[in-house]
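Here is a short briefing for a first look at this protein chain. Please keep the sequence and the model in view while reading.

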Amino acid sequence: MGGAGSPEWTIREDASRPVLLALCLRQLAGIRSPGELPHLRGIPPRVTARADAAQDILERQWTAYWEMTVEPQAHPSVVPLDLVDGFETFVALPIEGFDELRHAIAPHAAEALALSQTMHARYTRDAVAKPGTSYRAYASAIAEHERQVGRRAHSFELNVQVLPLTQRGVWWIGALTVAVTDGLRQDVAAFDAAIHPIIAELA
């Protein structure tokens, strides 16, 4: 976005089904990583009895799956991916080295699909109800940043995942991707204050 010859900024906002599904499976399968990111609302805690070694393997495999889901271009698989039965086209894992994760998430397919669909539909409904607010929110933050630093913003890309998290805030979940709580995203003044440091870091 910007005029000819001026810096370009691209911000994509979504509550993507693959990201929501990965976070649903994180809770349903008893994965703790990433420890700093809050849980999704509406999913009761699950108790899983695993040996530490088995848990460590799952944590590593889920983290790799999470990175490939959030920023697939930055985290390509070294082997081909294969869709996981029961998850439609939303979950693909490398054909090697992910058997434990594939086995752990399989029993939760129907529940995770339903939960992620409900969450995605809620985001879509809210976004459609307020057309244009997404662009204005980011444009305002960029304009304020430019006033503070006294120059045009550098070209940058940012992906924003709006998620129904249990805590209010903004978290980096990739090199160019942040997660923001849905309630914070709908609070114009609070979101502007929260997104400004993110814009400042990139622009």
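Which residue lies over the face of F191, and at what distance from the ring centre? The residue is R185, at 4.3 Å from the centre of that ring. This is a predicted model. The points below go from the whole chain to single residues.

**Overall build**

- The chain has 7 helices and 6 strands.
- Along the sequence, these elements follow the pattern β-α-α-β-β-α-α-α-β-β-β-α-α.
- The radius of gyration is 18 Å. A compact globule of 203 residues would come near 17 Å, so the chain agrees with that expectation.
- Along the principal axes, the C-alpha atoms fill a box of roughly 55 × 35 × 30 Å.
- The accessible surface of the chain is about 10,400 Å². Carbon and sulfur atoms hold 56% of that surface.
- Of the 203 residues, 42% count as buried.
- Take the contacts with a separation of 6 or more: residues 24 or more positions apart account for 62% of them.

**The nonpolar core**

- The largest nonpolar core has 58 residues.
- Helix α1 (residues 17–28) gives the largest share of this core, with 8 residues.
- I11, L40, W66, V91, F156, L158 and I199 are the residues with the most contacts inside the core.
- Two of these names return below: F156 belongs to a stacked pair, and W66 belongs to an aromatic cluster.

**Aromatic pairs**

- How many aromatic pairs does the structure hold? There are 4 aromatic pairs.
- One of them joins W9 and F156, with ring centres 6.5 Å apart. Their planes meet at 10°, so the pair is stacked. Planes under 30 degrees apart count as stacked.
- W9 belongs to strand β1 (residues 9–14), and F156 to strand β4 (residues 156–163). The pair therefore ties together parts that are 147 residues apart in sequence.
- Both partners are buried: W9 has a relative accessibility of 10%, and F156 has 8%.
- Another pair is W62 and Y65, with ring centres 6.4 Å apart. Are these rings stacked or edge-to-face? Their planes stand at 85°, so the pair is edge-to-face.
- W62 and Y65 are 3 residues apart in helix α2 (residues 52–70). About one helical turn separates them.
- W62 is buried at 0% relative accessibility. Y65 is buried too, at 2%.
- W62 and Y65 form one aromatic cluster with W66.
- W66 also reaches beyond its sequence neighbours. Leaving aside residues within four places, W66 is in contact with V19, A22, L23, P34, L37 and I173.

**Charges over rings**

- R185 and F191 were the opening example, with R185 over the face of the ring.
- R17 has its charged end over the ring of F90, 4.3 Å from the ring centre.

**Loops**

- H108 lies in the loop between α3 (99–105) and α4 (109–129). Is H108 buried or exposed? H108 counts as buried, at 16% relative accessibility.
- Not counting residues up to four places away in sequence, H108 touches L25, L28 and A29.
- V78 lies in the loop between α2 and β2 (81–83). V78 counts as exposed, at 84% relative accessibility.
- V78 and P94 are 16 residues apart along the chain. Their C-alpha atoms are separated by 8.1 Å.

**Backbone details to check**

- Most residues other than glycine have a negative phi, and most peptide bonds are trans.
- The peptide bond from S33 to P34 is cis, with omega near -15°.
- P34 sits in the loop between α1 and α2. P34 is also among the contacts of W66.
- E88 has a positive phi, near 55°, and is a residue other than glycine.
- E88 lies in the loop between β2 and β3 (92–94). With 53% relative accessibility, E88 counts as exposed.

Terms used
Residues are numbered from 1 along each chain as its sequence is written. This is a predicted model: local features need pLDDT of at least 70, side-chain atom pairs count only at pLDDT 80 or more; totals for chains, interfaces and linings use all residues. Side-chain values use heavy atoms; hydrogens and water are left out. Rings of Phe, Tyr and Trp (its six-membered ring) pair if their centres lie within 6.5 Å; planes under 30 degrees apart count as stacked, over 60 as edge-to-face and the rest as tilted. Helices (H or I, at least four residues) and strands (E, at least two) are DSSP runs, numbered from the N terminus. Buried means under 20% relative accessible area, exposed over 50%, partly exposed in between (1.4 Å probe, protein chains only). A charge sits over a ring if NZ of Lys or CZ of Arg is within 6 Å of the ring centre and within 35 degrees of the ring normal. The radius of gyration is taken over C-alpha atoms; the globule rule is 2.2 Å times the number of residues to the power 0.38. Contact means heavy atoms within 4.5 Å. Accessible areas come from the Shrake-Rupley method with a 1.4 Å probe; for residues, only the protein chains shown count as cover. A nonpolar core is a set of buried Ala, Val, Leu, Ile, Met, Phe, Trp, Tyr and Cys residues joined through side-chain atoms within 4.5 Å.
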